[in-house]
Amino acid sequence: MSTATLTPPSSGGRTAAVQEMARLQRELFELERAFISSATTLVPRVGEPDLKYLVCQHVWESAGHARFLRERGRELTGFGKTDSVRPAIWRVFAEAITPSDPDTLLAGFYRVLKPHVLASYRHYLEATHHLADWPSRKLVEEFIGDEERHAEEMEPHLNESVDTHAWCEHLSSAIATLHADGTADLTWQHEAAPYTHPATCNRGPYPLCSSVFSKNPDETPIVRDWLEDPTTDARVIRVMIYIWLMMELDAVDYLATVFVETLEAPFDLHHDLARHLWDESRHSQFGYRQLPKLGFDLMTIEHSLDLYNILVQMPPAERYALMTMEFEAGSFATKATIMDRIRELNDFEADTLLAFDRNDEQNHVRYGHQWLPEIMKLCGHEESVEDFVKSAQTNFAKMAEIHGNKTPHSLSPEQRLTGAKILAAVTRGSGSA
Ligand SMILES: [Fe+2]
Ligand SMILES: [Fe+2]
């Protein structure tokens, strides 16, 4: 072939190989972002706390993948400057969240969507040049390891049925629309019946109640006055703070609802919300893991639903405002008193868990200051942050009248753990409980 027959490369042509890899990275970034905004809707709908914790962990790891993809992608010509997910990708994930049955939802996410993400990462490794694109390659190798672990971690929670198989086939057809082999005549279920949050959250086999806080030691496990009373046995306070932490599962359930209602948020906002969500799921685990070690049967501890039930009736910006500016900002003084009492026990693990909880909560209040104005803007609230928080507080009181205190105790006072029984248990345990 003579040189005369060659077409001179256009300026785009010179970086065509880079642009092709940037296009794949861009698609992976958008897939991870769409996973974060959609998989979070699974959290209040699945019942087992372990499953909620796992979804929160996977969402947080996806946020990490997306962040590094964007960082690397921005070094490549053609990645694009915006954070947005193209409608063709989002509609696949919008479809994935339409079922209400938890087994069907999980099957769709973990038998179809996550394997598609994993296959896309593997394709990236095969398609790229090992030396030219070495920085991307190292990231992608690591993400493949994460995705393989996510599949293993979720496997024990997946239950197959005829229904889940049919749903997975439907979702596979939805995924195929992203590429040339897709069929044009797919019936999108979310177009007829878009997703809405459940009015209450699923807690699987666990007993329920409206609130675990009261002043009555024969009614609830956490007795408000006892927490700050210097004569309360520190071992009682330790059990109560573990129950308090376990009940941060309500924060897990209602914070998870904010993502899908703020789809246009900058990625950094969702990144920090994903971190916040994972932190709350860890705090809840502090109680969930420690209480059985102290001899308490989790089936006797009722789960409080009031905060979710009330907040889910409020706009997402109010939900986030109350969480960060009211509940979290307002918890430090009581928790400080509790931490001082726990130190009397020389329980290094309890001190450590509470120290990390405190550190995380300080970050959450910082996130609130940074992101509440942004969420307000996204949701069309134009007043000052101060006025908005005040009106959210007023609205919360109104909503609590209507939607609060509606969950009766699942267990009789004889069956359920109460403050009085915690006191009796630690006293019986004579120092080691
Ligand atoms: Fe927390
Ligand atoms: Fe928090």
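**View 1. Met325 in its buried setting within a predicted model.** Met325 has 20 C-beta neighbours inside 10 Å and therefore counts as buried, a description that, like every other in these legends, rests on a predicted model. The residue is carried by helix α14, which runs over residues 316–328. When neighbours within four places in sequence are left aside, the contacts of Met325 are with Gly368, Leu372 and Val389.

View 2. The protein chain, built from 18 helices and four strands, is divided into domain 1, covering residues 18–192, and domain 2, covering residues 208–428. The C-alpha trace spans about 95 × 45 × 45 Å along its principal axes. Because a compact globule of 433 residues would have a radius of gyration near 22 Å, the 24 Å of the protein chain agrees with that expectation.

**View 3. Where domain 1 touches domain 2.** The C-alpha centres of the two domains lie 30 Å apart, and contact between them involves 20 residues of domain 1 and 21 residues of domain 2. On the side of domain 1 that touches domain 2, the elements giving two or more residues are α2 and α3, the latter spanning residues 49–73. Of the elements on this side, α3 gives the most, with 11 residues. Sorted by class, this side of domain 1 has 10 nonpolar, five polar and five charged residues.

View 4. For Ile243, once neighbours within four places in sequence are left aside, the residues in contact are Val212, Pro221, Ile222, Gly287, Leu291 and Ile301.

**View 5. Helix α4 and the helices it packs against.** In helix α4, which covers residues 87–96, the buried residues are Val92, Phe93, Ala94, Glu95 and Ala96. These buried residues of α4 pack against α2 (16–39), α5 (102–127), α7 (162–176) and α8 (189–192).

**View 6. Two asparagines with positive phi, each in a loop.** Most residues other than glycine have a negative phi. Asn346, however, has a phi near 50 degrees, a positive value in a residue other than glycine, and is found in the loop between α15 (332–342) and α16 (348–378). Asn346 counts as exposed because it has 8 C-beta neighbours inside 10 Å. Asn405 likewise has a positive phi, of about 60 degrees, although it is not a glycine, and this residue is found in the loop between α17 (385–403) and α18 (419–428). With 14 C-beta neighbours inside 10 Å, Asn405 counts as partly exposed.

Terms used. Residues numbered from 1 in each chain as written. Chains lettered and ligands numbered in written order. Predicted model: local features only at pLDDT ≥ 70, side-chain atom pairs only at ≥ 80, totals over all residues. Contact = placed C-beta atoms within 7 Å. Buried ≥ 20, exposed ≤ 12 C-beta atoms within 10 Å, placed from the backbone. Rg over C-alpha atoms; globule rule 2.2 N^0.38 Å. Domains from an automatic or database assignment. Nonpolar A, V, L, I, M, F, W, Y, C, P; charged D, E, K, R; others polar.
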